[in-house]
Amino acid sequence: MELELEGADLKAVLNRLRRAQGQISGVIRMIEEGRDCEEVVTQLAAASRALDRAGFAIIATGLQQCVIDIDSGRKNGADTDQMRARLEKLFLSLA
C-alpha cells in the first residue's frame, strides 16, 4: 500500500509530527535540567498523543485511498482482503 499524502492532509500530519518533535526535545531538556517528574510525564504524554494523532491521520488517509481503489474497481477480492488485514495490523500497532 503506497501512501500519498497531499495538500491539507500532508500539512496536518507534518504539523503534528513537528509538534511531537518539539515536545520530545522539551522532555529531554526537562530531564537534563532535573525538572519535576510530574511536569516531565505531562509533556511526555502530550508528545505521545501528538504521535498517535499523526499515526491515525496517516492510517485514515490510507483507508480513504483504499476505498477509492476498491470503488474504482482496481482491487480484486484477494487484494481487498490483504489490504484489510494490513490496515487492521496498522490500527493495532497504534493501540
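Student: How much accessible surface does the protein chain have?

Tutor: About 6800 Å², of which 54% belongs to carbon and sulfur atoms. Accessible areas come from the Shrake-Rupley method with a 1.4 Å probe, and for residues only the protein chains shown count as cover. This is a predicted model: local features need pLDDT of at least 70, side-chain atom pairs count only at pLDDT 80 or more, and totals for chains, interfaces and linings use all residues. Side-chain values use heavy atoms, leaving out hydrogens and water, and residues are numbered from 1 along each chain as its sequence is written.

Student: OK, how many helices and strands?

Tutor: Three helices and zero strands, so DSSP runs of H or I with at least four residues, or of E with at least two for strands, numbered from the N terminus. Along the sequence the pattern reads α-α-α.

Student: Where is Gln23, and is it buried or exposed?

Tutor: Gln23 sits in helix α1. Gln23 is buried because its relative accessible area is 14%, and buried means under 20%, exposed over 50%, partly exposed in between (1.4 Å probe, protein chains only).

Student: What is Gln23 in contact with?

Tutor: Setting aside neighbours within four places in sequence, Gln43, Ala46, Ala47 and Ala50. Contact means heavy atoms within 4.5 Å.

Student: And Ile28, why does that count as partly exposed?

Tutor: Because its relative accessibility is 45%. Ile28 lies in helix α1 too.

Student: What share of the residues is buried overall?

Tutor: 22% of the 95 residues in the protein chain.
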